[in-house]
Amino acid sequence: MKRYLSLFTIYIIATGSAFGAGSRAGGGALKKEQGAQPVQVYNQGIQLMHAKKFAEAQVKFQQALSENPNFAEAHNNLAYSLRKQGPQNYAEALEHYNKAIQLKPDLAEAYEYRGVLFLKLGRKVDGEKDLETLKTLNPKLATELEHVIQTGNEE
């Protein structure tokens, strides 16, 4: 359930490199939509998530959001980073998952991760609602969330 890997790939392709430098076909739209600097900082956060440095990743995603508050993927991965740091962060994580979904209703990863968070919060019915939405957006991710709902095991 490490969807941030796929988001990382999207930004590498869209910006021309992992850190937003260079240009390739199709890269202009993302830079124009998100801004080059927020994407660069976001990608640094992704690298830190890969290294399981969630507190440091959190700082990068917060920085990206301070530069572009409408960056749905940054909200999603900030929420993930917060959730991975423990239950004291669950309420804030939920706010960011909700914001990611508000900004980008088809961001399947946000439904998957929010579904996991709902389970951790004892809100299985809400997690199952996210599963139903996910089945239409991304059946593969829906299968992963369904596994978590059935087993309670996220990995």
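Arg83 is buried, at 3% relative accessibility. Buried means under 20% relative accessible area, exposed over 50%, and partly exposed in between, with a 1.4 Å probe and protein chains only. Arg83 sits in helix α5. Its contacts, leaving out residues up to four places away in sequence, are Tyr90, Ala93, Tyr97, Tyr113, Val116, Leu117, Lys120 and Glu154. Contact means heavy atoms within 4.5 Å.

The model is predicted; local features need pLDDT of at least 70, side-chain atom pairs count only at pLDDT 80 or more, and totals for chains, interfaces and linings use all residues. Residues are numbered from 1 along each chain as its sequence is written, and side-chain values use heavy atoms, with hydrogens and water left out.

**Overall make-up**

The protein has 9 helices and 0 strands. From the N terminus the order is α-α-α-α-α-α-α-α-α. Helices (H or I, at least four residues) and strands (E, at least two) are DSSP runs, numbered from the N terminus. The protein has 155 residues, and 49% of them count as buried. Take the contacts between residues at least 6 apart in sequence: 56% of these join residues at least 24 apart. The accessible surface is about 7300 Å². Carbon and sulfur atoms hold 53% of that surface. The areas come from the Shrake-Rupley method with a 1.4 Å probe; for residues, only the protein chains shown count as cover.

| Pair | Angle | Axis separation |
|---|---|---|
| α3 (residues 36–50) and α4 (residues 54–67) | about 165° | 8 Å |
| α5 (residues 72–84) and α6 (residues 90–103) | roughly 160° | within 8 Å |

Axes are lines fitted to C-alpha atoms, for helices over the stretch in contact, and angles run from 0 to 180 degrees between N-to-C directions. Angles under 35 degrees count as roughly parallel, over 145 as roughly antiparallel, 65 to 115 as roughly perpendicular and the rest as oblique.

Helices α3 and α4 pack at about 165°, so α3 is roughly antiparallel to α4. Their crossing is left-handed. A crossing is left-handed if the near helix is turned anticlockwise from the far one by less than a right angle, and right-handed if clockwise. On the α3 side, the contact includes Val41, Tyr42, Ile46, Leu48 and Met49. On the α4 side, Phe54, Ala57, Phe61 and Ala64 are among the partners. By class, this contact has 10 nonpolar, 4 polar and 3 charged residues. Ala, Val, Leu, Ile, Met, Phe, Trp, Tyr, Cys and Pro count as nonpolar, Asp, Glu, Lys and Arg as charged, and the others, Gly among them, as polar.

Helices α5 and α6 cross at roughly 160°, so α5 is roughly antiparallel to α6. This crossing is left-handed. Arg83 is one of the α5 residues in the contact, and Leu78 and Leu82 are among the others. From α6 come residues including Tyr90, Ala93, Tyr97 and Leu103. The contact divides into 10 nonpolar, 3 polar and 3 charged residues.

**Two single residues**

Lys52 lies in the loop between α3 and α4. Its phi is positive, about 60°, although Lys52 is not a glycine. Lys52 counts as exposed, at 52% relative accessibility.

Leu119 belongs to helix α7 (residues 108–120). Leu119 is partly exposed, with a relative accessible area of 23%. Beyond residues up to four places away in sequence, Leu119 touches Lys124, Val148 and Ile149. Leu119 and Val148 are 29 residues apart along the chain, and their C-alpha atoms are separated by 8.5 Å.
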